Protein chains: 2
Amino acid sequence: MRDFSQDHRWLSINTATVRKSRGVEVPLPDIIEACVKRGIRAISPWRDQVAAVGLSKVSKLVKAHGLELSGYCRGGMFTATDEAGLKAAHEDNRRAVDEAFELGAKCLVLVVGGLPGALQGKAAHKNIALARAQVDEGIERTLEYARAARMPLAIEPLHPMYAADRACVNTMEQALDICERLDPGRTGTIGVAVDVYHVWWDPRLEQQIARAGKLRLLAFHVCDWLTPTTDLLNDRGMMGDGVIDIRRIRGWVEAQGFEGYSEVEIFSTGNWWQREAGETLDTCIERHKTAV
Amino acid sequence: MRDFSQDHRWLSINTATVRKSRGVEVPLPDIIEACVKRGIRAISPWRDQVAAVGLSKVSKLVKAHGLELSGYCRGGMFTATDEAGLKAAHEDNRRAVDEAFELGAKCLVLVVGGLPGALQGKAAHKNIALARAQVDEGIERTLEYARAARMPLAIEPLHPMYAADRACVNTMEQALDICERLDPGRTGTIGVAVDVYHVWWDPRLEQQIARAGKLRLLAFHVCDWLTPTTDLLNDRGMMGDGVIDIRRIRGWVEAQGFEGYSEVEIFSTGNWWQREAGETLDTCIERHKTAV
């Protein structure tokens with residue numbers, strides 16, 4: 001297992017973590033600058049943050065600084081109520097693949113979607129099996145395009161508390177079943193993003209990480225589960241502040257040969273987004289060494 | 001599958017559902033009276049509500065009204081940091097078994113506990129595997145006692161969002177693995193409580209309900225998953241107000257021969273606990289017919 005205690009060369013910052021500084025939105029170039037200043041070598045930006053600045057501008061900035069992208073957030077949201085919706089999702093995912101390629105991302109992270117309409121507060125139906133079937137098909141279609149573009153797709157199983165509105169793929173096992181069906185030869189074109197926040201509770205986690213193996217472990221995300229958690233979406237904790245045995249899980253991932261970045265992804269309306277972004281980044285660096 | 005549309009003979013009220021009326025605590029005898037008045041034939045009371053009135057008084061009241069108890073809430077909380085804590089948990093579970101027996105409950109529901117201290121906001125450790133081992137052992141010890149008392153134990157897998165602080169048994173599969181180890185002969189002394197709120201998202205749900213079979217399906221709880229859910233514990237929805245396909249799940253349970261009550265268990269600080277308890281009960285009756 002790699003020793004993270006001496007430096008932060010394997011730290012990546014998911015840019016949502018410092019999306020806000022003292023409650024105010026931070027433009028992506030400022031985030032990049034703050035990361036570079038601290039010797040952070042990798043980021044994982046969100047599409048809306050990239051779009052706000054312009055893809056080519058961000059691409060140039062990233063390349064000028066020699067930054068790596070541990071991933072690109074995000075494709076997915078494959079479910080819909082009609083053909084037009086499914087088609088729109090497919091086209092949007094093609095664009096996401098193109099953007100990820102332009103930025104030189106290691107993978108496009110997929111948050112697959114839940115019951116259509118649920119995220120807007122009114123689910124169009126209650127058939128989660130149907131949503132899962134649409135997700136299967138959506139990933140299959142996107143994979144064809146991503147293969148040609150040589151952009152690996154990383155399915156991110158989301159915590160079951162997001163099954164209704166964000167992602168109906170909720171366990172590593174489910175995600176790996178999809179990988180196996182679409183890519184039995186393990187070509188590296190499709191795999192999983194393991195986010196400890198989503199999967200730490202799973203009694204099958206160690207077993208499924210072993211099942212994934214190096215070729216399907218495309219990304220590793222960290223933050224922490226707080227007790228109590230006061231918001232289902234935006235109360236994620238800094239590594240070390242919660243109950244997840246992050247190092248143990250990293251050990252399982254690295255035992256399979258994973259050699260990539262440990263990407264910090266924290267959504268925190270009440271705490272970290274209220275602090276100065278520099279303080280948040282400094283804390284990420286410190287906790288990367290002591291708690292990851 | 002039973003037809004619930006014409007009457008509410010298979011409705012049971014978990015007394016937490018009307019724990020408060022217009023925000024004010026309701027004594028258990030008042031809850032019982034309100035249920036009896038409406039022709040509700042079964043309840044499932046909580047230990048604290050029983051203790052506030054006195055066990056023998058509640059027992060007499062229940063028997064005088066010919067009420068059934070679809071379950072008794074709850075035993076469990078098996079995890080601890082030392083021997084004294086484990087012993088205290090064991091003794092408390094023996095008392096819970098005795099109370100359930102005295103009240104004539106169909107089963108004692110077990111919420112098994114999470115990382116010790118987490119519910120109080122500060123977990124003593126992060127080793128969920130250790131907590132799970134303690135739970136295994138705690139159930140085994142309690143089962144010896146419960147067998148002698150002829151009180152079936154119903155392990156309730158809780159939603160993974162409670163893995164840290166309330167229950168580290170989070171899937172039907174996990175609960176059934178424990179049942180299989182402790183009772184390979186399927187004697188009916190140990191099984192599961194299937195609460196749709198906790199398990200609706202599980203891709204293995206149908207399969208695991210079939211695995212459980214009639215002898216291990218000891219209780220069936222209903223409420224609904226709201227989108228958005230604003231609180232991890234106390235924002236459960238009334239059946240029909242959320243995204244769970246309750247009837248489909250009831251179909252799976254009844255296909256195994258389950259013939260028991262459909263128990264409504266809603267924790268709702270912001271909505272149902274603010275309404276008049278009679279209105280909440282009337283709505284339970286209506287939704288039992290139309291949405292369960």
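A salt bridge links Arg204(B) to Glu173(A) in this predicted model. The closest N and O atoms of the pair are 2.7 Å apart. The bridge between Arg204(B) and Glu173(A) lies within the 4 Å limit set between a side-chain nitrogen and a carboxyl oxygen. Two salt bridges are counted between chain B and chain A. Polar contacts across the interface of the two chains involve six residue pairs, with both residues at pLDDT 80 or more. On the side of chain B that touches chain A, two elements give two or more residues each. These are helices α5 (128-148) and α6 (172-182) of chain B. The residues on that side of chain B divide into 15 nonpolar, ten polar and ten charged.

The contact itself draws 35 residues from chain B and 35 residues from chain A. About 2,700 Å² is buried between chain B and chain A. Carbon and sulfur atoms give 62% of this area. In chain B, the most area is lost to chain A by Lys126(B), Trp201(B) and Leu232(B). Together, Lys126(B), Trp201(B) and Leu232(B) account for 22% of what the chain B side buries.

The fold of chain A includes an open sheet of nine strands with parallel pairing. The strand order in chain A is β5-β4-β1-β11-β10-β9-β8-β7-β6. Strands β5 (68-69) and β6 (72-76) of chain A stand at the edges. Each has a single partner strand, so one side of β5(A) and one side of β6(A) are left without a neighbour in the sheet. Strand β4 (residues 42-44) of chain A pairs with β5(A) in the parallel sense, over two bridges. Within this part of the sheet, Ile43(A) stands opposite Leu69(A) of β5(A). Helix α8 (residues 205-216) of chain A packs on the sheet. There, α8(A) touches β9 (190-195) and β10 (217-222) of chain A. The direction of α8(A) makes about 110° with that of β10(A).

Chain B also holds an open sheet of nine strands with parallel pairing. Its strands follow the order β5-β4-β1-β11-β10-β9-β8-β7-β6 (chain B). The edge strands of this sheet are β5 (68-69) and β6 (72-76) of chain B, and each pairs on one side only. Elsewhere in the sheet, strand β10 (residues 217-222) of chain B pairs in the parallel sense with strand β11 (residues 262-264) of chain B. Three bridges join β10(B) and β11(B). Phe220(B) has Ser262(B), in β11(B), as its bridge partner. Helix α6(B) lies across β8 (153-155) and β9 (190-195) of chain B. The helix α6(B) runs at about 165° to β9(B). Helix α6(B) is also one of the elements that give two or more residues to the side touching chain A.

Several backbone features stand out. Most residues other than glycine have a negative phi, and most peptide bonds are trans. A cis peptide bond joins Cys73(A) and Arg74(A), with omega about 0°. Pro228(B) belongs to the loop between β10 and α9 (246-255) of chain B. Met77(A) is not a glycine, yet it has a positive phi of about 50°. Met77(A) is placed in the loop between β6 and α4 (83-103) of chain A.

Key. Residues numbered from 1 in each chain as written. Chains lettered and ligands numbered in written order. Predicted model: local features only at pLDDT ≥ 70, side-chain atom pairs only at ≥ 80, totals over all residues. Heavy atoms only, no water. Pairing = 2+ DSSP bridges. Helix = DSSP H or I, 4+ residues; strand = E, 2+ residues; numbered from the N terminus. Contact = heavy atoms within 4.5 Å. Axes fitted to C-alpha atoms, helices over the stretch in contact; angles between N-to-C directions. Buried area = accessible area lost by both parts, 1.4 Å probe. Polar contact = N/O pair within 3.5 Å; in protein donor to acceptor, adjacent residues only side chain to side chain. Nonpolar A, V, L, I, M, F, W, Y, C, P; charged D, E, K, R; others polar.
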